[in-house]
Amino acid sequence: MEASKKRSPVSEQSGVEHIVECTVSANHLDAVHEALALFWRGQGTSPEERWRLLFEVAVTEIAANIIEHARPPVVRFRLRAVSGRVDAEFTDKGGGWDGPPEPAYFLDDLAERGRGLAMAMKAVDEVAYERVGKVNHWRLVKLA
Amino acid sequence: LQEDHLQIDLQQTHERVTVVSPKGRLDMSSAPAFRSQVRQLVESGSTHLVVDLQDVSFVDSSGLGAVIGGLKVARQAGGDLRIARPNQQVQLVLDLTSLNQVLRPYGSLEEALAGF
């Protein structure tokens, strides 16, 4: 993760909400895993393992999708926990997504690509995409 | 083989099977190296592969795609590919994608090697 050499791309705020913000600037997901680890560590209680892993799967899939398809110079995202639910908001200035997320389904058992978004949609309660001007916004919500 | 944060160890068993042991995260960054390694193995005649996932901490859709790619390459060469010892995250991803029907995970290396 190149950005960490100058200044950590991950920051944290605690209070009523617990927030971790992160910038991913290279074709590596290390910063995403680092942010998730910090996010869970910063919470008072440890969530149930499967629930936590499902949120992690959705976050990493969306981050990878943005890096691979939108190809922005940087992706910024924020992880937030409030009242037991968690959400993630991503913004980037890469290429736009062609349309709203499709229903989660898999066309071919042996397909080697194209599962990421469907996995994210199965893993969390809400996946939303919006393009405002030249900025992409992705939002994930996992309810308690 | 060392590529980014993924290391891949290889071990030829006493039979015809090669055990492929990636270590680290099998994701968008490391999947190409894994895919390439498996392809080379199959092309060099190692068509029966067990991918030991014991030391894989995290798999994403790209990593899964690389394993599926390995399965296809091995089958096209008359062999097959099995996976063994996935952790909870890998099991979860296999469940989410229903790929556990295609890539049935074996709980131990011995089970994966039996009758292969």
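Author: Strand 4 (residues 48–52) of chain B is mostly covered, as five of its five residues are buried. Buried means under 20% relative accessible area, exposed over 50%, and partly exposed in between (1.4 Å probe, protein chains only). Strands (E, at least two residues) and helices (H or I, at least four) are DSSP runs, numbered from the N terminus.

Reader: What conventions and confidence limits apply here?

Author: This is a predicted model, in which local features need pLDDT of at least 70 and side-chain atom pairs count only at pLDDT 80 or more, while totals for chains, interfaces and linings use all residues. Residues are numbered from 1 along each chain as its sequence is written, chains are lettered from A and ligands numbered from 1 in the order in which they are written, and side-chain values use heavy atoms, leaving out hydrogens and water.

Reader: Which way do the residues of strand 4 of chain B point?

Author: His48(B), Val50(B) and Asp52(B) point one way, and Leu49(B) and Val51(B) the other way; all are buried.

Reader: Which residue stands opposite Val50(B)?

Author: Val19(B) does. It belongs to the pairing of strand 3 (residues 17–26) of chain B with strand 4 of chain B, which is parallel and has four bridges. Two strands pair if DSSP finds at least two bridges between them.

Reader: And how many bridges join strand 4 of chain B to strand 6 of chain B?

Author: Five bridges join these two strands, which run parallel. There, Val51(B) stands opposite Ile83(B).

Reader: What unit do strand 3, helix 1 and strand 4 of chain B make?

Author: With helix 1 spanning residues 31–43, they make a right-handed β-α-β unit. Right-handed means that, with the strands pointing away from the viewer, the path from the first strand over the helix to the second runs clockwise.

Reader: Is Arg71(A) buried or exposed?

Author: Arg71(A) is exposed, at 65% relative accessible area. This residue has a positive phi of about 50 degrees and sits in the loop between helix 2 (49–70) and strand 3 (75–82) of chain A.

Reader: Finally, how many helices and strands has chain A?

Author: Chain A has three helices and six strands, in the order β-β-α-α-β-β-α-β-β from the N terminus.
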